Amino acid sequence: MGRISFVPAAQMVLLIAAILSAPCTFAFSPVSSTNVRVSNHIFLSSTADDSASDGPFESYSPGSSLIYKELASGEGEPCEDGDVLTVAYKGKLFGSSGKQFDQSDKWIFKKAGGNCMPGFDQGLNGAKVNSKRIVRIPPELAYGSRGKGSIIPPNSDLEFEIEIKNIAKGLVGSAKLFGEERILGGLAIIAFMGIVPMLPPIPGMNQ
C-alpha cells in the first residue's frame, strides 16, 4: 500500500511561521502616536458637480485641516473601516516645490488598520470603487515634525492623487491583504511536503 509521510509537528510550525512572517511592504510607515490626531474638520469639494465650490480646497495653506477634491465619485457602496482597499496613487510635497516622492499603481491596505498615515486613510472616507480624489494632508496627519529621511522634510504638507481600484470586505479582504500569491504559494509548499495529501498513492510504490 502507498504510504503518506507527514512533516513532524515542529517542522510544520516552522513552515507556517515562515509563510506568515514573509515580508509585507507598505507604502507608508505608521506615524508615531505623538503625531497622530483625527481631523475634526474635513472640507469636501467635488468637481463631479460643476456647481460645487472649489474655494476651501483651492485656499488650502500649510497647517490647514485635511481636505480633498473629488475628481470622480465612483460607484457602488462607500468603503468602511475594516475594508481592504486597492488603490493607485501619486504623492508629492504640497507647496512651491511640488516634488513627487512616491507612487504606486497597486497598493493594498486595510482602512483604519494603522498601516498607513492617518491623513491618507481619512482622505478616503466614503470613497467608492473608481473614486478619484486629490487629498491635501497637514503634517500632523502625515510625518509630523520628524519627516521621513531626506525625502520628506519635517512639518511637510503632502498632496496625494488617489484612485480606488477595488474594495474588499470580510474574508475576501483579509485574503487580499495577506496576498493571494502568498496563500497559494504556501498551500503549494504544504501540499508538496506532504502535509496535505493531494494525489492518490501510485500502485506498486512503497509496498
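Rings of Phe, Tyr and Trp (its six-membered ring) form a pair if their centres lie within 6.5 Å; planes under 30 degrees apart count as stacked, over 60 as edge-to-face and the rest as tilted. The model is predicted, so local features need pLDDT of at least 70 and side-chain atom pairs count only at pLDDT 80 or more, while totals for chains, interfaces and linings use all residues. Residues are numbered from 1 along each chain as its sequence is written, and side-chain values use heavy atoms, with hydrogens and water left out.

**Exercise 1.** State which residues the ring pairs link into a cluster.

*Solution.* Step 1: a search of the whole structure finds nine aromatic pairs. Step 2: ring pairs join Tyr89, Phe101, Trp107, Phe109, Phe120 and Phe160 into a cluster.

**Exercise 2.** Classify the pair of Tyr60 and Phe94 and determine whether each residue is buried or partly exposed.

*Solution.* Step 1: the ring centres of Tyr60 and Phe94 are 5.0 Å apart and the planes stand at 90°, so the pair is edge-to-face. Step 2: buried means under 20% relative accessible area, exposed over 50%, and partly exposed in between (1.4 Å probe, protein chains only). Step 3: Tyr60 has a relative accessible area of 6% and is therefore buried; Phe94, at 21%, is partly exposed.

**Exercise 3.** Classify the pair of Trp107 and Phe109.

*Solution.* Step 1: the centres of Trp107 and Phe109 lie 4.8 Å apart, with 15° between the planes. Step 2: this aromatic pair is stacked. Step 3: both Trp107 and Phe109 are buried.
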